[in-house]
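Here are some exercises to work through with the sequence and the 3D view side by side. Try each task before you read its solution.

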Amino acid sequence: MAEWDNPVTNALTHARMPIPTDIPTLIGTGAPGDTAFSAPNRPDLTYGGLRRHTEATVAALNARGIGRGDRIAIVLPNGPEMASAFVSFAAGAATAPLNPAYRQPEFEFYLSDLQAKALVVAEGEDSPARAAATTLGIRILEITHDPTSPAGTFHFASEPASTPTTHPGPATPDDIALLLHTSGTTSRPKLVPLLHRNVCATAEHIRQTLRLGPADRCLNVMPLFHIHGLMACVLSTLHAGGSVYCAPGFNALQVFSWLADADPTWYSAVPTMHQAILARAARNRDIIARLRLRFIRSSSAALPTRVMAELEDLFAAPVVEAYAMTEAAHQMTCNPLPPAPRKPGTVGIAAGPDVSVMDPGGTHLAPGDEGEIVIRGPNVTPGYENNEAANRENFTHGWFRTGDQGFRDPDGYFTITGRLKEIINRGGEKISPREVDEVLMDHPAVQQVVTFAMPHPKLGEEVAAAVVLREGAEASQGAIREFAAGRLAGFKVPRKVVILDEIPKGPTGKLRRIGLADQLGVT
């Protein structure tokens with residue numbers, strides 16, 4: 001029996017169990033014969049199998065000179081092996097999943113900044129990460145799997161060739177579980193270390209918020225180099241003893257076949273993914289009619305209220321929007337499930353950490369007053385690594401400043417009015433791009449929109465909007481501006497509307513405002 005396998009876990013309910021503070025303990029939740037991971041055309045991996053695989057993986061790392069505190073960069077495609085690699089490597093070392101789409105210079109930056117001891121890649125996969133690791137003198141560990149073996153199982157492709165580690169065994173609560181970089185849209189990416197107790201706290205917060213249990217099955221379409229998929233879909237589900245169906249990324253042409261195959265009780269995605277699903281719904285009514293979704297979750301970007309309504313109408317299931325960020329190990333607030341009220345346009349109530357609104361001087365504001373959203377709690381990172389200036393700027397009296405502007409209503413529901421660095425300053429008039437987004441989304445021809453700042457020689461900044469029209473719909477730039485003019489003050493109406501087939505997105509599917517004017521050549 002693995003030293004993290006708890007023989008009494010399966011007879012206890014979560015209400016009677018202590019909350020785990022490390023991943024080795026967390027994966028002891030599920031019953032040995034219950035499914036932990038599944039994937040298209042693969043046998044299921046049970047919890048007993050996952051625990052055995054994790055113990056064997058940690059032992060294999062230890063034999064290769066890697067142990068607690070050592071940093072492993074992971075560059076693998078989405079799927080069950082990536083999900084399992086995160087869990088099993090984190091059980092005995094510090095993991096750093098990286099986007100496989102990076103170029104060699106990007107990999108060189110991230111691998112160097114992480115001080116990675118090893119890079120894990122799939123055997124035979126040609127990735128620029130290999131060249132980057134070779135340039136930096138970082139060991140490359142290849143893993144391989146048998147397509148007929150249970151989803152998520154793998155082994156190292158070569159035998160150990162180094163001295164065993166002097167710090168072996170399973171991780172502890174204060175060890176680093178996960179290292180991720182912030183997006184770095186306005187500055188050098190900051191490195192966020194998340195301890196085992198941070199990620200386990202988030203798993204518990206999400207489990208409670210979504211009332212997850214062993215009968216729940218999550219379809220994961222989120223990239224697993226991002227906090228959303230790792231925490232909301234993988235770790236919280238494993239903590240609940242449920243199962244994760246690991247799709248190979250998001251593909252609008254395949255997502256309904258995955259829904260049919262997985263038969264999930266829920267899925268979580270970013271708004272652009274939800275919109276892509278809606279766009280193909282008419283072709284898949286028969287699959288939709290057979291689904292048993294208990295709820296749908298949205299996070300990582302603002303969910304337009306119209307999209308929320310269309311999802312609920314289509315799937316006959318409540319949609320809950322969560323507010324999250326990497327520094328909080330994901331979830332901070334969430335709209336609660338029925339019978340509690342959901343308030344479209346808000347990101348819900350505090351869902352784990354303490355959440356407040358603060359003015360620039362550090363004073364907490366009353367309901368209705370707008371300021372910066374701040375948080376504190378067991379899920380929050382202890383601080384950016386090697387960046388004291390950022391820590392001084394972002395932590396005030398123990399509260400982490402999110403950089404988001406918003407307010408809470410008298411019922412405790414939070415509304416995000418904008419990213420402080422995204423607010424458009426038009427000659428001194430401050431404009432929230434999200435407010436303009438919501439108005440333009442009400443136009444019957446508009447499928448997707450992102451409002452952004454474009455340069456102006458006298459005002460400094462002016463309002464612009466990139467728009468994708470619904471399939472078969474027509475609307476001119478002038479018609480969209482006229483629609484906005486009837487609903488917004490004149491200074492908020494976009495002076496330029498760019499109609500596109502597709503709006504450029506970040507690697508996780510989020511629409512980015514900062515830098516969009518340059519990207520589109522809008523002046």
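**Exercise 1.** Which residue just after α2 takes a positive phi?

Solution. Start with the ground rules: this is a predicted model, where local features need pLDDT of at least 70, side-chain atom pairs count only at pLDDT 80 or more, and totals for chains, interfaces and linings use all residues. Residues are numbered from 1 along each chain as its sequence is written, and side-chain values use heavy atoms, with hydrogens and water left out. Helices (H or I, at least four residues) and strands (E, at least two) are DSSP runs, numbered from the N terminus. Now step past the end of α2: Gly 65 has a phi of about 85°.

**Exercise 2.** Work out how far α2 reaches and how enclosed it is.

Solution. First, find residues 47–63, which make up the 17 residues of α2. Next, go from the first C-alpha to the last: the helix reaches 24 Å, close to the 24 Å expected at 1.5 Å a residue (the expected span is 1.5 Å times one less than the number of residues). Then check burial, where buried means under 20% relative accessible area, exposed over 50% and partly exposed in between, with a 1.4 Å probe and protein chains only. Since 12 of the 17 residues are buried, α2 is largely enclosed by the rest of the structure. Among them are Tyr 47, Leu 50, His 53 and Leu 61. Finally, look at the neighbours: the buried residues of α2 pack against elements including β1 (35–38), β3 (71–75) and α7 (227–240), with contact meaning heavy atoms within 4.5 Å.

**Exercise 3.** Is Ala 316 buried or exposed?

Solution. Go to the loop between α11 (305–315) and β14, where Ala 316 lies. Its phi is positive, about 55°, although Ala 316 is not a glycine. With a relative accessible area of 69%, Ala 316 is exposed. Now try Arg 211, in the loop between α6 (196–210) and β10: at 47% relative accessibility, Arg 211 counts as partly exposed.
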